[in-house]
Amino acid sequence: MIGGGYVGLVSGTCFAEFGTDVAIVETNPDRLSALREGRIPIYEPGLDRLVAENVTAGRLTFGDDMAAAIRGADAVFLAVGTPSRRGDGQADTSYVYAAVEQIARVAEGYTVIVTKSTVPVGTGREIARIVSATRPDLDFDVASNPEFLREGNAIADFMRPDRVIIGTDQSKPGGTQRAQDILRKLYRPLYLLETPMVFTGLETAELIKYSANSFLAMKITFINEIADLCEKVGADVIDVARSIGLDGRIGKKFLHPSPGFGGSCFPKDTRALTAIGRNAGSPVRLIETTVAVNEARMQAMAQRIIAFAGGDVSGLTIGVLGLTFKPETDDMREAASITILDQLDRAGAHIRAFDPAGMQTARTVLPQSVTYCSDAVEAAEGADIVVVLTEWNEFRSLSPYKLKNRMKGRKIADLRNIWDPQAIREAGFDYISLGRPDTGRQP
């Protein structure tokens, strides 16, 4: 497994749990040192235990020697970063191609090179070209095996996935049966559980991941716009979302109003898909609009808070509950809090914040003036307004009276709809949420 980041570490550990010997190659010395010492550099529930058990069992190792790691390997997975390229939104595949050159130089026998990273359509073909140019004598196949891991639920997603996608070069003379057989063997525990295995061509597999994430991002953006409409016409977005979610063709997931989607996948993958469409001469206009609407929404959420404060937050103290893009992760990448708190800071607000897992990472991306607190109640200390940005479960059970006793003001902006409007208002608060009238309905 080339890359010990989120995807590589989770995937490699889960393969080891299946009984496979896994060597994870990590070139970042700090991360490698942490992994060797048993310190998990990412926050993912249950991962520390699983890593420790498989290291003890001898199935999982960490190192920086590419040649030693792939010697005798049945498959080599690429799990390196593919960040958005500045300017055009395309995925930066330079790390992928650099790793491929290294693999080609040190590979000793038949090798299946598998992209686990999310890569643009055509990457598999370019990998094959690079390998052939670097080592014309090497016997190899290229495969695409996209991951579908949700942060905070990644282990369960790997162990009990909705499907496994395996793309190979079906135009290759003689086919790619060897590659398919190796990957089918690796996923045998899932095959025995009757997990759907979808075998496709390279380009199809590469496009599946982008299409899935872009559709889900579009679904989030749709319900956010419906929430805005509900506020204008006096409807309740909770009932709208619940009712349309009962339609089997739609489903109930990803229909929760929010300040906008973030994280390591949705923003990056929607931008990449729009770039793929432009380059292919087939623009994906719905996704282009989704990207634009989501970015505008984060800006609008900051202005909503300012308007709630009376049009000016200069000199006010704002208590913020939650910073990460979603609960059960420490990931701050593209989190709505970054845009919102930057605007509030520029407007002169004093910000006190608490997040159960993300504060260390948040310090590197949020304004330096933010004060970080030990818990939610401390974040509310002296606050004129409390704002909910991430729906951590521990916030749901907070007593409004406990907040009231610590706050200076009486305003709460619940941008995740985690609280009962009636209960909060009965406690004496001026309360706003997303897409809900003053009905006092429990979310």
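**Charges over rings, and the strands beyond**

Mentor: Lys-209 lies over the face of Phe-148, 5.9 Å from the ring centre. A charge counts as sitting over a ring if NZ of Lys or CZ of Arg is within 6 Å of the ring centre and within 35 degrees of the ring normal. The charged end of Arg-178 is placed likewise over the ring of Tyr-110, at 3.7 Å from its centre. This is a predicted model, in which local features need pLDDT of at least 70 and side-chain atom pairs count only at pLDDT 80 or more, while totals for chains, interfaces and linings use all residues. Residues are numbered from 1 along each chain as its sequence is written, and side-chain values use heavy atoms, with hydrogens and water left out.

Now to strand β4 (111–115). Helices (H or I, at least four residues) and strands (E, at least two) are DSSP runs numbered from the N terminus. Five of the five residues of β4 are buried, so the strand is largely enclosed by the rest of the structure. Buried here means under 20% relative accessible area, exposed over 50%, and partly exposed in between (1.4 Å probe, protein chains only). Thr-111, Ile-113 and Thr-115 point one way from β4, Val-112 and Val-114 the other.

β4 has strand partners; two strands pair if DSSP finds at least two bridges between them. Strand β3 (residues 75–78) runs parallel to β4 and is joined to it by four bridges. Strand β5 (residues 140–144) is also parallel to β4, with five bridges. Val-114 of β4 is the bridge partner of Phe-77, and Ala-143 in β5 is the bridge partner of Val-114. β4, helix α6 (residues 123–134) and β5 make a right-handed β-α-β unit. Right-handed means that, with the strands pointing away from the viewer, the path from the first strand over the helix to the second runs clockwise.

Ala-107 lies in the loop between α5 (94–106) and β4. Ala-107 is buried, with a relative accessible area of 5%. Ala-107 and Leu-149 are 42 residues apart in sequence and 29 Å apart in space, C-alpha to C-alpha.

Phe-77 returns in an aromatic cluster with Phe-15, Phe-18, Phe-158 and Tyr-187. Rings of Phe, Tyr and Trp (its six-membered ring) pair if their centres lie within 6.5 Å; planes under 30 degrees apart count as stacked, over 60 as edge-to-face and the rest as tilted. The whole structure holds nine aromatic pairs by this search. In one of them, Phe-354 and Phe-395 have ring centres 6.2 Å apart and planes at 70°, so the pair is edge-to-face. Phe-354 belongs to strand β9 (residues 350–354) and Phe-395 to helix α17 (residues 393–396), so the pair ties together parts 41 residues apart in sequence.

Next, helix α8 (residues 177–186), where Ala-179, Gln-180, Ile-182, Leu-183 and Leu-186 are buried. Seen down the axis of α8, these buried residues fall within an arc of 165°, so they line one face of the helix. The arc is that of the directions from the helix axis to the C-beta atoms. An α-helix has 3.6 residues a turn, so residues three or four places apart point the same way.

Strand β11 (residues 385–388) pairs with strand β12 (residues 411–414) in the parallel sense over four bridges, and Lys-411 in β12 is the bridge partner of Ile-385. β12 is joined to the parallel strand β13 (residues 430–432) by three bridges, with Ala-413 opposite Ile-432. β12, helix α19 (residues 421–426) and β13 make a right-handed β-α-β unit.

The largest nonpolar core has 54 residues, and Leu-321, Leu-323, Ile-340, Leu-341, Leu-344 and Trp-419 have the most contacts inside it. Elements that each supply at least two residues of this core include α13 (285–308), β8, β9, β11 and β12. α13 gives the largest share, six residues. A nonpolar core is a set of buried Ala, Val, Leu, Ile, Met, Phe, Trp, Tyr and Cys residues joined through side-chain atoms within 4.5 Å.
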